[in-house]
Amino acid sequence: MRKRILFLLAHPDDETFGTGGTIARYARAGAEVHLATATRGEAGMVGEPPVTDREHLGEVRAGELMEAAAILGIAKVHFLGFLDGQLASVPREQLLEHAVGLIRRVRPHVLVGFGPDGVSRHADHKVMCEVALSAFDRSGDPTWYPGGGAPWAPFKLYQFEIAQEVFADWDAPLSGVPSAKLTSLIDTSEEVETKIRAFHCHKTQAKDTRRILERPGYREFARMETYVLARTRLPGLPLPEDDLLAGIPDE
């Protein structure tokens, strides 16, 4: 039985810049990896020099995402259809209905999203953190959105996080979390080059790609991706752990 993982994120490139090594690792190992992106990245950069114009940016970025997804091994990309930079103004119930409906269709054993600070402090990331938490709680409850498919309760919800110590070494003005709070340390050493190839699919965001990849020691940093276990329905899990699928029972 193939285990299923759903990454519930905000923009094209979130899947690569943050969790690309994890996605590639589990896809290569035979898991069925799905990605939901709330937007098509319409408010992002158009490239330097421009790859497209603002009018067509969402379409182009969606195409870039599909190229990256193929490299990472994502089974299916799901576009939720909201506008980049405007998630905070969308009624939360509307976002939740989309997220819960998708969870019930995909039936993931594990859900992965952002932490409360969204890693980069992007407002859309913070909204999607809250959406993932609520969707995890509601997707298995038959009284919520009864017309949105058969209930399905994922076993675990992880939040992608980077340690405060890493941001301090980079002199980056981001908070992260104390390394002692990280519960799940995923070895992505065999996926570093795959992740970097996926980076280069996001041509419109080349400025961010250069900024990240040119950090001293980035390849060493990319050998591990880190998470906090935010919700679980599995009692007694030993932590810290090195496998997002640890403890998931066979169906």
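This is a predicted model: local features need pLDDT of at least 70, side-chain atom pairs count only at pLDDT 80 or more; totals for chains, interfaces and linings use all residues.
Residues are numbered from 1 along each chain as its sequence is written, and side-chain values use heavy atoms, leaving out hydrogens and water. Local features need pLDDT of at least 70, side-chain atom pairs count only at pLDDT 80 or more, and totals for chains, interfaces and linings use all residues.

Let's start with Asp124, which lies in helix α5 (residues 123–138); helices are DSSP runs (H or I) of at least four residues, numbered from the N terminus. Asp124 is buried yet has no salt bridge. Here, buried means under 20% relative accessible area, exposed over 50%, and partly exposed in between (1.4 Å probe, protein chains only). A salt bridge needs a side-chain nitrogen of Lys or Arg within 4 Å of a carboxyl oxygen of Asp or Glu. The nearest side chain of opposite charge, Arg61, is 8.7 Å away.

Now to the rings. A search of the whole structure finds eight aromatic pairs. Rings of Phe, Tyr and Trp (its six-membered ring) pair if their centres lie within 6.5 Å; planes under 30 degrees apart count as stacked, over 60 as edge-to-face and the rest as tilted. Two of these pairs are shown here:

| Pair | Centre to centre | Angle between planes | Type |
|---|---|---|---|
| Trp144 and Tyr145 | 5.8 Å | 55 degrees | tilted |
| Phe167 and Trp170 | 6.1 Å | 70 degrees | edge-to-face |

Trp144 is partly exposed at 31% relative accessibility, whereas Tyr145 is buried at 15%. Phe167 and Trp170 are about one helical turn apart because three residues separate their positions in helix α6 (residues 164–170). Phe167 is buried at 3%, and Trp170 is buried at 19%.

How values were computed
Helices (H or I, at least four residues) and strands (E, at least two) are DSSP runs, numbered from the N terminus. Lys and Arg count as positive and Asp and Glu as negative; His and the chain ends are not counted.
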